[in-house]
Amino acid sequence: MDMEQARFNMIEQQIRPWEVLDPEVLGLLAAVKREVFVPETLTSLAFADLELPIGHGQTMLPPKIEARILQEVGLRNTDIVLEVGTGSGHMAALLASKAEYVHSVEIDPILAETARRNLRHAGVANVNVETGDASQGWSGHAPYDVIVISGSLPELPDVFLQQLKLGGRLAAFIGEAPVMEARLIIRTADQAFNTINLFETVIAPLTTRKRQSFVF
């Protein structure tokens, strides 16, 4: 498989048509090797327009959704980022390519270790992967310039809004199948927030301790 041709096709045929035109974002998608973060058995599908299973009941977001979120949060090189739901580490790697530092939280300890290994393999040094349930916020490094929640939630807990800095941006997928919305929320004042509905989608729910309790 010609990885570079597949990467080019992904950007031109999936990403650009989804209104992702920021040259910096497109550059990051070309530079961060998505195939490093995909299970070896699925390498041939690394650039496909679908959610890829990464084990332990979790999936990797489709490329176009990762790209759109990356564009909408408007990363700066001074940003401190919280990512909720590390998965394989790919979104964390994309965020870290532009931000100063990324704190990424993964509930599954095996996936967390896989993500750490993937990030080391990709040469990403400014991501700290922690193990825990951040579905109700993650206060350890708050407040944050950017928060990205990489799985869907029925409702957004208010604690996330309170963990944003003034001017901070939060990207989340809110709702339950078959109706979910990707939203961008910007903190404009101490208790004022501007919500932008970006697009409708359906993605896998964020794994939480409550959901994990039924997995044997």
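The model is predicted, so local features need pLDDT of at least 70 and side-chain atom pairs count only at pLDDT 80 or more, while totals for chains, interfaces and linings use all residues. Residues are numbered from 1 along each chain as its sequence is written, and side-chain values use heavy atoms, with hydrogens and water left out. The count comes to 14 salt bridges, a salt bridge being a side-chain nitrogen of Lys or Arg within 4 Å of a carboxyl oxygen of Asp or Glu. Strand S3 (residues 80-84) has five of its five residues buried, where buried means under 20% relative accessible area, exposed over 50% and partly exposed in between (1.4 Å probe, protein chains only). Helices (H or I, at least four residues) and strands (E, at least two) are DSSP runs, numbered from the N terminus.

**Salt bridges**

- Side chains of opposite charge can pair when their charged atoms come close.
- Glu12 and Arg16 form a salt bridge, with 3.0 Å between the closest N and O atoms. Glu12 is partly exposed at 32% relative accessibility, and Arg16 is partly exposed at 36%.
- Within helix H3 (residues 63-72), Glu72 and Arg68 lie four residues apart, about one turn of the helix, and their side chains meet in a salt bridge at 2.9 Å, N to O. Arg68 is buried, with a relative accessible area of 9%, whereas Glu72 is partly exposed, at 24%.
- Helix H5 (residues 109-121) holds Glu113 and Arg116, three residues apart, about one turn of the helix. The closest N and O atoms of their salt bridge are 3.1 Å apart. Glu113 is partly exposed at 34%, and Arg116 is partly exposed at 24%.
- A network of salt bridges links Glu4, Arg7, Lys33 and Glu35.

- S3 pairs with strand S4 (residues 101-106) in the parallel sense over five bridges; two strands pair if DSSP finds at least two bridges between them. Val84 stands opposite Val105 in S4.
- Strand S6 (residues 144-153) runs parallel to S3, joined by four bridges, and Glu83 stands opposite Val148 in S6.
- S3, helix H4 (residues 90-96) and S4 make a right-handed β-α-β unit. A crossover is right-handed if, with the strands pointing away from the viewer, the path from the first strand over the helix to the second runs clockwise.
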